[in-house]
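Student: I would like to learn how to read a protein model step by step. Could we go through one together?

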Amino acid sequence: MEIINPNAAILTNFEVMTALKDMKNSKKKYGLRNLATITYETVQYLEDTPCKEQTSSGIVEFLQAMKEFNLTKNECLMMVNDPPSSPLHIQLMIEDSDERLTEEQVSRILEHAAKLKPAADGQNSTTGAGQMDS
């Protein structure tokens, strides 16, 4: 994955973290005084989310698998950034999921999402639901 024009589309947390790390490692000066602090704090935050363990090929594979469910781009983005761990988690992310998806489809989404998650799960599933309310 390469960010060609960052203003043209929405980015996953993985893409943001990669771009910030590249920017941080670059020798180019951007002229903003607080940019280093913002970059550092954002990367620190993102390293505590599932995107730390994700790969671009894993994300592409997940998004290809989601095409069969007719989900919106924003719904897919939410699931990439915070992979669902339960049917309730999916209900919070997908509008009218009970009408749009069967139980079998929900199970398949959860299987695909499990491949995106880091092995040590638990804290992110409850945090993600709280972030949706904000």
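This is a predicted model: local features need pLDDT of at least 70, side-chain atom pairs count only at pLDDT 80 or more; totals for chains, interfaces and linings use all residues.

Student: How many helices and strands does the secondary structure of the chain come to?

Tutor: Helices (H or I, at least four residues) and strands (E, at least two) are DSSP runs, numbered from the N terminus. In this chain there are eight helices and zero strands.

Student: What span is expected for helix α7, and what does the helix reach?

Tutor: The expected span of a helix is 1.5 Å times one less than its number of residues. Helix α7, residues 103-116, has 14 residues and reaches 20 Å from its first C-alpha to its last, close to the 20 Å expected at 1.5 Å a residue.

Student: Which residues of α7 are buried?

Tutor: Buried means under 20% relative accessible area, exposed over 50%, and partly exposed in between, with a 1.4 Å probe and protein chains only. In α7 the buried residues are Q105, V106, I109, L110, A113 and L116. They cover an arc (taken from the directions from the helix axis to the C-beta atoms) of only 140° around the axis, which puts them on the same side of α7. On the other side of α7, E104, E111 and K115 are exposed.

Student: What do the buried residues of α7 pack against?

Tutor: Packing is judged by contact, meaning heavy atoms within 4.5 Å. The buried residues of α7 pack against α3, α4, α5 (87-93) and α6 (97-100).

Student: Where does the largest pocket get its lining?

Tutor: On a 1 Å grid over the protein atoms alone, a pocket is an open set of points where a 1.4 Å probe fits, with protein on both sides within 12 Å along at least five of seven lines, and lining residues have an atom within 4 Å of a point. Of the 16 residues that line the largest pocket, the closest to its centre are T12, I59, L63, K73 and C76. The elements that give two or more residues to this lining are α3 (56-66) and α4 (73-81), and α3 gives the most, with five residues.

Methods
Residues are numbered from 1 along each chain as its sequence is written. Side-chain values use heavy atoms; hydrogens and water are left out.
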